[in-house]
Structure formats: structure tokens, C-alpha cells
Amino acid sequence: DRGEMDQAMQIMQEAMRLGEQTGLLFASIIPATDLAWVHASLGAVEQGLVLARQAQALESKVQLPFLRAYPFMALAHLHLAQGDLAAAEAAIHNLKGKLPKEGMLWFIPNFMPLAEGELALAHHDDERALTLMNEQIDYLRRTETRFFASDALHLKARALLALGRADEAGEALAQARTEAERVGSRRSLWPVLLALSHLEAGRGNQAEAQTLLGQARELVEFISARIPASDLRASFLNLADVRAVLEEKA
């Protein structure tokens with residue numbers, strides 16, 4: 001989340017190696033799933049799918065419900081990034097089916113609603129996306145959870161923009177920025193700054209839009225410089241929002 005991709009990936013790969021060496025399935029499934037999600041965030045969907053399916057192949061060997069469900073969480077986000085909405089919906093269905101409601105542990109209460117919200121937006125069901133995010137934000141506040149709060153608020157803003165409610169979207173984006181800055185998440189902050197830049201530009205506030213875009217660019221460059229492999233760096237730099245940050249005039 002801090003954008004230190006080289007350190008994150010090295011730690012996850014080492015955990016996977018140790019899991020394989022010791023036969024500890026927990027240490028094989030969780031890091032492989034997390035690493036798959038990292039690849040998704042870098043635009044390397046195919047590599048992420050390989051890792052997620054590697055974790056999925058192990059889930060039948062474990063009894064803990066959240067461990068059996070965890071790989072489907074990454075698969076849902078990867079299929080969404082791929083544009084395969086049917087596969088994403090199937091992954092979410094599998095995720096829910098393997099996880100009893102009382103077993104909503106780990107990051108699944110955060111990842112699953114975000115995947116459902118993204119799926120709703122992709123289907124142009126903006127009202128459902130907004131409802132899901134309002135419920136998720138309420139859950140995060142009740143449980144005093146800050147992790148992924150920025151992501152939920154950003155997705156809420158996208159739903160509001162799709163519904164033509166720009167002022168409310170601006171408020172949600174401002175809250176998303178505060179949450180991302182509070183926890184130090186460069187990963188979630190730069191897309192929020194880009195969205196705020198576009199919003200300010202639409203309002204005619206060009207100076208503010210340029211400032212926000214410049215701040216987003218600094219974060220993208222920070223992350224890019226810490227991606228350990230050239231092919232992953234290239235896929236990250238080819239993401240549409242990353243190209244917008246780097247190519248738009250600041």
C-alpha cells in the first residue's frame with residue numbers, strides 16, 4: 001500500500017517459498033493470493049491469474065473457510081481487470097459459497113464488497129454500486145477499520161459521478177483522499193488525486209487541477225521506480241489511468 005512494490009513482492013515470494021518448503025498451506029495460499037492481487041494492480045492480469053489459480057489449487061486441502069475462499073477474492077478482481085464480467089461474477093459466487101457469514105474474516109469483508117461494487121459499475125448498475133459502498137463504508141466505520149476505506153469512498157464517488165451527482169462525488173473523493181493520506185497508502189491515493197484533478201478541471205479550476213495532477217504524478221513515479229521487473233513496470237505504465245497521470249499536462 002505504501003507503493004514499495006519491490007519489498008512487498010520479495011516478502012510475498014519468500015513466504016510462498018517457505019510455505020512450499022514446510023508444507024504450511026496457510027503460507028502458500030495467502031501470499032500467492034496477495035501477490036496475484038499485486039499483479040492485478042500493476043496491470044499484469046495474466047501473471048496474476050497464474051498465481052491466483054496456484055492458490056486455488058490448494059484450497060481443497062484446507063478446512064478453514066476463509067482460506068478456501070481467499071483465492072476467489074483475487075480471481076474476482078483479476079477477472080474484473082480483464083473485463084470478463086461473467087468470470088468475475090462466478091468468482092464472487094464461489095467466494096460467498098465457501099464462506100459462512102460468521103466466517104467473514106481477514107480482508108474478505110473489504111475485498112468482496114469492492115469486487116461487487118466494481119461489477120455493478122461495469123454492468124452500469126450505478127445505484128447498486130452506491131448502495132454497496134454506503135453499506136461498506138458504514139461497516140468500516142462501525143468496526144473502526146481504515147484499511148480500504150479510501151477505495152470504498154473512491155468507488156462511491158465513481159457511482160455518484162455516473163449518476164450525475166458531481167458535488168456529492170467531490171465530497172466522497174475528498175474523504176477518500178483524507179483516508180489514503182491518513183494510512184499512508186500511495187496505492188489508493190494517486191487514483192483519487194487523478195479523479196479530483198478531473199473534477200476540478202470540469203469546474204474550471206485549472207490551477208487546482210494541475211496541482212492535483214502533479215501530486216498524482218509524483219506518486220505514480222515513486223511506485224514505478226520500485227517495481228522490480230521491467231515487464232511489470234511496463235504493464236503498470238500502460239494502465240489507462242497511469243497514462244493519464246503521466247501524459248496529461250500538469
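I searched the whole structure for aromatic pairs and found three. I counted Phe, Tyr and Trp rings (six-membered ring for Trp) as a pair if their centres lie within 6.5 Å; planes under 30 degrees apart are stacked, over 60 edge-to-face, the rest tilted. This is a predicted model: local features need pLDDT of at least 70, side-chain atom pairs need pLDDT 80 or more, and totals for chains, interfaces and linings use all residues. Residues are numbered from 1 along each chain as its sequence is written, and side-chain values use heavy atoms, without hydrogens or water.

I took F147 and F148 first. Their ring centres are 4.1 Å apart and their planes sit at 50°, so I logged the pair as tilted. I then looked up burial (buried is under 20% relative accessible area, exposed over 50%, partly exposed in between; 1.4 Å probe, protein chains only). F147 is partly exposed at 28%, whereas F148 is buried at 5%.

Next I checked W190 and F236. This pair is edge-to-face, with 6.3 Å between centres and 90° between planes. It links distant parts of the chain: W190 is in helix 10 (residues 186–202), F236 in helix 12 (residues 230–237), 46 residues apart. Helices here are DSSP runs of H or I, at least four residues, numbered from the N terminus. W190 is buried at 8%; F236 is buried at 2%.

Ring pairs also join W37, F147 and F148 into a cluster.

Last, I looked for charges over rings (NZ of Lys or CZ of Arg within 6 Å of the ring centre and within 35 degrees of the ring normal). R186 lies over the face of F222, 3.8 Å from the ring centre. R226 lies over the face of F222 too, at 3.5 Å from the ring centre.

Terms used:
Helices (H or I, at least four residues) and strands (E, at least two) are DSSP runs, numbered from the N terminus.
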